[in-house]
Amino acid sequence: MEELSSAQQDYLEALLRLERGGGDGASLTDLARALGVKPASASQMVARLKDGGLVTQAPRDMIHLTRAGRTAAEHVETRHTTVREFLTKVLNVPPDVADGDACKVEHALAADTFNRLRDFMDHIGADDIERDNTVPLPLMHRGGTGLLRRIAGGGGRRARLSAMGVHVGTEIRVLQNAGRGPVMIKAGKSRVAIGRGLATCMHVEPTSDL
Amino acid sequence: MATPRKTIRIALAGNPNCGKTSVFNNLTGAHQHVGNWPGVTVEQKSGDFTYDGVRYEVIDLPGTYSLSAYSVEEEVVERFLRTTPPDVLVNIVDATNLERHLFLTAQLIEQRVPMVVALNMMDEAEEQGLRIDDVQLAQLLDVPVVPIIARRNKGTGQLLAWIAQLGFEPRAGACTVDYGPEIEPAIAALAAHLNPREPASPHMRAAMLLAGRVVCKTDEEDAALQARAAALRRDIERHAREPVEDLFIARWYGFAHGVARTCVTQDARERFDLTARLDDVLTRPVLGLVFFGLCMAGTFELVFALGNPLIALLEQVFAWLGASATAVLPTGALRSLLVDGVIGGVGGVVVFLPNILLLFLAIGFLEDSGYMARAAFVMDGIMHRLGLHGKSFIPMLLGFGCNVPAIMATRTLETKRDRLITSLIIPFMSCGARLPVYALFIGAFFAPHWQAPVLMSLYLLGILVAVAMANLLGLLFFGSDRSPLLLELPPYRLPTLRSVLMLVWTRAWSYLKKAGTVLLAASIVMWYLCTHPAPPGGVEHETRFEHSYAGTVGKAIEPLLRPLGFDWKVSVALVTGFMAKEAVVSTLAVVYDVGDGEGGSHALQNTLREDPVFRNRPLVAYTLMVFVLLYVPCLGVIAIFLKEYGWKWTAFMAAYTTVVAWVAAFLVRMAGVALGF
Ligand SMILES: Nc1nc2c(ncn2[C@@H]2O[C@H](COP(=O)(O)OP(=O)(O)OP(=O)(O)O)[C@@H](O)[C@H]2O)c(=O)[nH]1
């Protein structure tokens, strides 16, 4: 898919919301109103999105997102909510300000920057951020000990770590941590090497100096 | 006396590295290789034995940490237990780490299959000051518990007695894991809808369904059941505010933790922890890498320094054989077949046996000592930067022994992507079968002090190409997400002489078997193709060969290989090398008609040195070794690839390795010429 302009992204996002709001597709007037633009310019943009295969519109009929259009729109929306969450939950920005800022920032972030932001939000467990005193495992130094408090993220991570004897709530000791590459820990009686990416999802409450 | 009724099927299950293979060997008296890194048993192995007049079949399941089907092994074990439950399940647990091993036991108990728990590593537990109350453990689990020391074959008798008893009077324990008020009602509701004719217990199947893990293909109401399970799952998650999966994990862990706490006591004495001390040094960032490098260099040094005198000895034996055969037999086809075909061809390969054995001795030692997993740890950082997975390192190392088990070992990788990429580059790992080819050419064309470095350069080149290809394949076909490294580091153990020798012996035996079958056949066929059709009376050997079938084939391929500097004789050898790489050597021996008089590889080396293609040109020899290193490994690899990945990937593998080999050999030749070699 080609890079979408920020205006196009806004249109897709607005269409997604309108579709979710119920009803069958969105009319041109609704769309223009939602975005605060003139129906004429909205119609122009819709034509362009149609060429790009992102929406369908029979003459004088409602506008629908195509499958590709929906994927793109959802993608834009994720960016928006991630940035918004970062602003509200980490920086404590009021929600309405955050919403406006997120609209502007979301287009400006490079893909890599966004990925990092998302990883960070995953890491701190954005759903219900507890301001606790845990640190991600890779920040612990060799010889440090701590209690494993959380394992963020899905994909069976908790299941796999648990089965290897690394449970939430157990005491772990860092055996090796070179600052890059995997981290070696001892949990209970098991010695386990954990790739750095995975280790970042493990939140440890230190019981010694880091 | 009981009439021998049906065979009793036993399955061995347990965590990786719990000693399953050792128990398997104890039970069956078989000679499977044990390894001290998690995941040596990657394929179901089976064997049988007779006890008290009854036949038992033993299936050694791959080691798994749980039955959640996150990796291929877990899937294999889970499916095995669900679809074809054994008569008796032997769960082997490591007494030194009971809590963790009971996590799997908690899931196995749910299978409702007659089960014995073998409490292994009792010697180590005792050393560590752990006291395990096996009577209480048996009570809590409601299955027999037998303390054993598999490594020293202690307790096997008692284990067998229990297996026999359960085989005749099947009794599954009544112990269950209580999943708590959120989950149990849902399990009951689901279980009521399951097909009761299925072999596995409905409670367990319902639990698995609920955890969203298992597709019960054998149930007719499959889709409806899935939907029902999904609805129940959503309900539970809404109330518990936690994924169902986590609830299960918590319960299994709770069970394991509770049982272990009741049954294990530890004295307070401080002990010397060898593993901790060694790891402290051997896995440090720089030191670890240096040590690993030394290990590898030491291995190659060993292979040559110790191997060469032994090879010389074997050469003499074959020379003597050749000479006696020549002396005894009258001139004619029979003598030619025996001396040129059999003794020259097979002998040319068999003399390199010492090299192979030493290589496996070294690999076996690294594997059994537990160091292999550390090597994966210290290499993970580098592997990642090279675009590979840290865990693929172990299969790659195994590939130096033989590519076939290495490709099987890729099953320990979690994602299909990682497995395929690793399997596709394993053929570039120079296996033992290529060693005879190197030994032949390195011995003939390089001065003694250059031999080990040249050999090492080939291995390194293989690794380099593998890394480059992994990245390229990753980019071309698979995208770049990789599953994270997660690897258990077993305690260091002194390898038992028995287990290392067993590995060396099985390898030696399979090498000799290969020499006696495939290579013998290849040699005879080659001899026939090289000597027929009979040349028009009284021509020189050289021209006689040119007229033969083999010559014709070689000539046909020659244009393709000419740019690499190979002639038609080498081309023929490369074609037969496709069956097994050692065949390159045996074919050359036949093609060059050595074997008379001197015999063995020495004669072949002399002949090669004088051959116009190679004369005074180590570069051509090196180019040839590069080509042999990289092109399609052998029929064995093709077969395992077919089995694991289907014919499309197999065809791709065969084609791309050959192309890579050609290009690499060509570049080496060009570079060599440019540098004035
Ligand atoms: N000290 C001690 N070591 C043992 C005992 N049983 C097995 N071992 C060692 O444990 C290691 C692993 O044994 P294996 O039999 O290969 O274990 P496995 O479960 O088949 O391992 P995988 O094939 O990797 O799943 C080997 O180094 C054995 O020598 C025992 O009772 N005591």
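Trainee: How many residue pairs does the rule find in polar contact across the interface of chain B and chain A?

Mentor: Eleven, with both residues at pLDDT 80 or more. A polar contact is a pair of N or O atoms within 3.5 Å; within protein, one must be able to donate a hydrogen and the other to accept it, and residues adjacent in sequence count only if both atoms are side-chain atoms. Keep in mind that this is a predicted model: local features need pLDDT of at least 70, side-chain atom pairs count only at pLDDT 80 or more, and totals for chains, interfaces and linings use all residues. Residues are numbered from 1 along each chain as its sequence is written, chains are lettered from A and ligands numbered from 1 in the order in which they are written, and side-chain values use heavy atoms, leaving out hydrogens and water.

Trainee: What is the area buried between the two chains?

Mentor: About 2800 Å², with carbon and sulfur atoms giving 61%. Buried area is the accessible area (1.4 Å probe) that two parts lose on being put together, summed over both. Tyr70(B), Phe377(B) and Leu486(B) supply 22% of what chain B buries against chain A, more than any other three residues.

Trainee: And how many salt bridges are there between chain B and chain A?

Mentor: Side chains of opposite charge can pair when their charged atoms come close. Here the count between the chains is four, a salt bridge being a side-chain nitrogen of Lys or Arg within 4 Å of a carboxyl oxygen of Asp or Glu. Asp273(B) pairs with Arg191(A), for instance, the closest N and O atoms being 3.4 Å apart. Over all chains, the structure holds 17. Another joins Glu78(B) and Arg82(B), at 2.8 Å from N to O. Those two sit four residues apart in helix H2 (residues 72-83) of chain B, so about one helical turn separates them.
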